[in-house]
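Please look over the structure shown here before turning to the notes that follow.

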Amino acid sequence: MRDVADISPALLAWYDRNARVLPWRTGPADHAKGLRTAPYRVWLSEVMLQQTTVAAVRDYFRAFTTRWPTVTDLAQAEDGDVMAAWAGLGYYARARNLLKCARVVAFELGGEFPQTARELQALPGIGPYTAAAIASIAFDEPATVVDGNVERVISRVFALTDPLPGTRPEIARLAGLVTPTHRAGDHAQAMMDLGATICTPRNPVCALCPLIEICEGHAQGIAASLPVKAPKKVKPTRLGHAYVLTGPSGEVLVERRPDRGLLGGTLGFPTSDWAETLPAFAPPVTADWTQAPTDVRHTFTHFHLVLTVHRATGHMEGMLGDNAFSPEDLPTLMRKVWEAAQTAPAK
DNA sequence: GACCCGTGGTA
DNA sequence: TTACCAAGGGT
């Protein structure tokens, strides 16, 4: 390690030439005119990007900002419309907290986001990372962001060989040392761009790295093996039945799941419990049920799921008319169930 | 601190 | 096919 003070200047110089062009980012021309990204757009993009790739977020960000251009517009939206717009992006607690946060900002804070990381973190769905990201990018506060990219870059630059998550406090301390007083927002985005394009988890492209002369991990030849992570648990497999009931004029039986827990607040088809052994076949109504030839397989954060899909035509109270139902509004698991149901034989 | 919470791309 | 991984937050 030469000098910690050399890191940010080298990084910012690289960023000025290599920053990715992203829908939620303003470019150098805008900055020259004194324009910054609206806090609403920074907030929305950062929440969408939590544990989610840029490629997955792009279209959702455009759809949200087109439909709800301001935080007040979003605050006035129907819960179901926001959940439907979020469908497929995953981690649905984010969508519920997004709406909660929008309503606090719009109705209790006069439509303006707080400008400090400390105040931002008090809002729903905004934790330490997102608070620092908004404060630095939108408001130029010299806050330090620590995300997966920063953990990786810092681990490598300082050659930290102790495993995560134990080294988090040390990583945060070093990331803070590296954060500049000026351009903290650009520094944060530069760290993330470096982590996403050069200092990647596998096969980092050290030859193109602006920090190659500074990086202790590279000097020791161990950069690619960092950060060291604690071993993960194996995922169990759960089994269940799913029931797709359609009416004679295209109406569909769907239910909204409770706001807490897995897929909370999303729309879906009735299912059995999901258990280690397949529960009994117990459809919501008696009908001529047929079984799809192929089970639906889906993996969540902490378990695998195999659903046997059944289809029938019939009627039940509360079915959604086909004008009010779109598979696009369903989380991915339920889209898969819908697709599988189309392959079940008619009776 | 441990556990819960989605999804799609990649090797 | 399986396992890993990604701009984390809530409880």
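This is a predicted model: local features need pLDDT of at least 70, side-chain atom pairs count only at pLDDT 80 or more; totals for chains, interfaces and linings use all residues.

Helices and strands are named here as DSSP runs, a helix being a run of H or I of at least four residues and a strand a run of E of at least two, numbered from the N terminus.

**Domains**
- Chain A is divided into domain 1, which comprises residues 4–143 + 172–199, and domain 2, which comprises residues 237–341.
- The C-alpha centres of domain 1 and domain 2 lie 35 Å apart, and the contact takes 7 residues from domain 1 and 10 residues from domain 2.
- On the side of domain 1 that touches domain 2, helix H6 (79–86) and helix H7 (93–108) each supply at least two residues, and by class that side has 5 nonpolar, 1 polar and 1 charged residues.
- An unreviewed UniProt entry lists residues 48–197 as "domain: HhH-GPD"; the end C-alpha atoms of this span lie 19 Å apart, and the span is 63% helix and 0% strand.

- In soluble globular proteins, nonpolar side chains tend to be buried together.
- The largest nonpolar core has 86 residues, and those with the most contacts inside it are Leu120, Ile134, Ile154, Met191, Val244, Val309 and Val337.
- Helix H9 (residues 128–139) gives this core its largest share, 7 residues, while domain 1 and domain 2 each contribute at least three residues to the core.
- Not counting residues up to four places away in sequence, Val309 touches Ala242, Val244, Ala292, Val296, Val337, Ala340, Ala341 and Ala344.

**Helix H10**
- Because 8 of its 10 residues are buried, H10 is largely enclosed by the rest of the structure.
- The buried residues of H10 are Val150, Glu151, Arg152, Val153, Ile154, Ser155, Arg156 and Val157, and what covers them includes helix H1 (7–18), helix H11 (168–178), H12 and helix H13 (216–220).

**Ala143 in its loop**
- Ala143 lies in the loop between H9 and H10, and it counts as buried because it has 23 C-beta neighbours inside 10 Å, where the cut-off for a buried residue is 20 or more.
- Leaving aside neighbours within four places in sequence, Ala143 is in contact with Ala117, Ala132, Ala135, Ser136 and Ala184.
- Ala143 and Phe61 are 82 residues apart along the chain, and their C-alpha atoms are separated by 24 Å.

**Surfaces near the DNA strands**
- DNA strand B is surrounded by 22 residues, of which the closest are Gly90, Tyr92, Thr301, Pro331 and Thr332.
- Helix H4 (54–67), strand S5 (296–299) and helix H14 (332–341) each supply at least two residues of the surface near DNA strand B, whose residues divide into 11 nonpolar, 10 polar and 1 charged.
- DNA strand C has 27 residues around it, and Leu49, Gly127, Tyr129, Thr130 and Asp147 come nearest.
- Two or more residues of the surface near DNA strand C come from each of helix H3 (39–48), H9, helix H10 (148–157) and helix H12 (184–197), and by class this surface has 11 nonpolar, 11 polar and 5 charged residues.

Terms used
Residues are numbered from 1 along each chain as its sequence is written. Chains are lettered from A and ligands numbered from 1 in the order in which they are written. A residue is near a molecule or strand if its C-beta atom, placed from the backbone, lies within 6 Å of it. Ala, Val, Leu, Ile, Met, Phe, Trp, Tyr, Cys and Pro count as nonpolar, Asp, Glu, Lys and Arg as charged, and the others, Gly among them, as polar. A nonpolar core is a set of buried Ala, Val, Leu, Ile, Met, Phe, Trp, Tyr and Cys residues joined through C-beta atoms within 7 Å. A residue is buried if 20 or more other C-beta atoms lie within 10 Å of its own, exposed if 12 or fewer, and partly exposed in between; C-beta atoms are placed from the backbone. Domain bounds come from an automatic or database domain assignment. Two residues are in contact if their C-beta atoms, placed from the backbone, lie within 7 Å. UniProt positions are given in the numbering used here, feature names are shortened, and annotations may be inferred rather than shown by experiment.
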